[in-house]
Structure formats: structure tokens, C-alpha cells
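Good morning, and thank you for coming. Please look at the sequence and the structure on the screen while I speak.

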Amino acid sequence: MARLSLDLTTLTQSTYLGGSGSDYAYANLAVTADSVYVAGQTSSSDFPGIANGALTALSGGWDGFVVRLSLDLKTLVQATYLGGGG
């Protein structure tokens with residue numbers, strides 16, 4: 001994950017998101033006053049922040065995920081698997 005200046009010339013913040021498998025963040029779903037929501041796909045059974053999610057276990061070889069990060073990208077607030085397969 002990365003935050004760039006509005007003119008795209010300066011990297012202002014970045015962070016790693018993922019577990020021990022392969023993880024791909026495909027979409028920034030929303031930015032609110034205090035959070036950034038990101039969706040993607042993972043094969044990590046230890047994806048961070050899942051413990052209190054709607055789905056807490058990887059259900060296939062690949063699962064979708066949604067993550068809520070603090071606006072400054074420093075805190076993973078919540079995450080959940082979305083299910084999947086393959």
C-alpha cells in the first residue's frame with residue numbers, strides 16, 4: 001500500500017500488507033475521514049487482522065479479503081476473508 005502526493009511525484013507513506021503466502025491488493029474501495037478500505041486476494045492462512053473478521057479461516061487455496069487501515073496506513077484496524085477456492 002502506498003500514499004502519493006496529489007501530483008504523484010512524492011511517496012508520502014507506504015506499508016506492507018500480507019501474510020506468509022501470496023497477497024495481492026487489487027482495489028482501494030474507499031477512503032473515509034479516518035480509514036482506507038482495501039480489497040484483494042490472498043493465499044495466506046495467517047493474513048493479519050483476521051481474528052475478529054466475519055470469516056476467520058482461509059477457505060480455499062485463494063480467498064478474497066477486505067482490510068480497513070487507518071488513514072495514515074500505520075494501523076490495521078480490521079480484516080476479513082471473503083471466501084474463495086481453487
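Predicted model: local features only at pLDDT ≥ 70, side-chain atom pairs only at ≥ 80, totals over all residues.

Residues are numbered from 1 along each chain as its sequence is written, and side-chain values use heavy atoms, with hydrogens and water left out.

Let me begin with the fold. The protein chain has six strands and zero helices; these are DSSP runs numbered from the N terminus, with at least two residues (E) for a strand and at least four (H or I) for a helix. The radius of gyration, taken over C-alpha atoms, is 13 Å for the protein chain, close to the 12 Å that the globule rule gives for 86 residues, so the chain is as compact as a globular protein of that length. That rule is 2.2 Å times the number of residues to the power 0.38. Of the 86 residues, 29% are buried, where buried means under 20% relative accessible area, exposed over 50%, and partly exposed in between, with a 1.4 Å probe and protein chains only.

I turn to the core. Which residues make up the largest nonpolar core? They are Leu17, Val36, Val38, Phe47, Ile50, Phe65, Val67, Leu69, Leu73, Ala79 and Tyr81. Such a core is a set of buried Ala, Val, Leu, Ile, Met, Phe, Trp, Tyr and Cys residues joined through side-chain atoms within 4.5 Å. Strands β4 (35-42), β5 (62-70) and β6 (76-85) each supply at least two residues of this core, and the largest share, three residues, comes from β5.

Next comes the pocket. The largest pocket is lined by Met1, Ala2, Arg3, Ala25, Ala27, Asn28, Val31, Val36, Val38 and Leu73. A pocket here is an open set of points on a 1 Å grid over the protein atoms alone, where a 1.4 Å probe fits, with protein on both sides within 12 Å along at least five of seven lines; lining residues have an atom within 4 Å of a point. Strand β3 gives the most to this lining, with four residues.

Finally, consider Gln13, which is found in strand β2 (residues 11-14). Gln13 counts as partly exposed because its relative accessibility is 22%. The C-alpha atoms of Gln13 and Arg3 are separated by 5.0 Å, although these residues are 10 residues apart along the chain.
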